[in-house]
Amino acid sequence: MSLEIIYYVGQTIAVVAILGSLIALIYQLRQANRMARKTAMQVQIDGLLAMTRTIYETPGLADILLRGNAGLDALNDADRLRYITFCVSSFRIWEGLHAQFVDGRIDPELWDMHINELRAQRDFAGSRQVWAFRGPSFSKAFQAFMTTLETQTYDGELHDIKPSAKKQT
């Protein structure tokens, strides 16, 4: 066997080893991406659960929310501040969920379920008033989504009304 043949065999083995390493790396990156997607989604869902928990763990908040949902004029100054803060915090969580969905990190079926909750919040007079003056402090993409959401009725496929979509990998 000549040195040239040994050289070519060595090169072939090196190429196969490199390809094997690349395949293993791609697999690990996909796994990491899936894990990151699940973690990001769970963080947002935990935020929604925390908001719900706050309602029943904070004395008086449920009453403020019920009165605030009828409109901001139904609240005194301190309760109005609490209501606005609660709504803005909630919208921030929705904005995060929306960004996760647009990036392909939330399943469309799960997104539809979440959107029903956002639609319910948005339908309250007080929440609409808060959005009217605090909406501009949110991302342009979320503002566009909220505007589109206002003109849509639920048809079971609300994930189709997002401003853009990236396919999940």
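Predicted model: local features only at pLDDT ≥ 70, side-chain atom pairs only at ≥ 80, totals over all residues.
Next I looked up the largest nonpolar core. I counted 30 residues in this core, and Val-130 is among the four that touch the most other members, along with Tyr-83, Phe-91 and Leu-118. I then asked which helices supply this core. Helix 1 (3–57), helix 2, helix 3, helix 4 (108–122), helix 5 (125–134) and helix 6 (140–151) each supply at least two residues. Helix 3 gives the most, with 10 residues.

I turned to the packing of helix 2 on helix 3. Helix 2 covers residues 61–70 and helix 3 covers residues 77–102; I noted an angle of about 85 degrees and axes 10 Å apart. From helix 2, I listed Leu-61, Ile-64, Leu-65, Arg-67, Gly-68 and Asn-69 in the contact; from helix 3, Asp-79, Arg-82, Tyr-83 and Phe-86. I sorted the residues of this contact into 5 nonpolar, 2 polar and 3 charged.

Last, I took the chain as a whole. I found 6 helices and 0 strands. Of its 169 residues, 34% count as buried. Among contacts with a separation of 6 or more, I noted that 70% join residues 24 or more positions apart. I recorded an accessible surface of about 10,600 Å², with 61% belonging to carbon and sulfur atoms.

Notes
Residues numbered from 1 in each chain as written. Heavy atoms only, no water. Axes fitted to C-alpha atoms, helices over the stretch in contact; angles between N-to-C directions. Helix = DSSP H or I, 4+ residues; strand = E, 2+ residues; numbered from the N terminus. Contact = heavy atoms within 4.5 Å. Nonpolar A, V, L, I, M, F, W, Y, C, P; charged D, E, K, R; others polar. Core = buried A, V, L, I, M, F, W, Y, C linked by side-chain atoms within 4.5 Å. Buried < 20%, exposed > 50% of the residue type's maximum accessible area, 1.4 Å probe, protein only. Areas by Shrake-Rupley, 256 points an atom, 1.4 Å probe, with all protein chains shown as cover.
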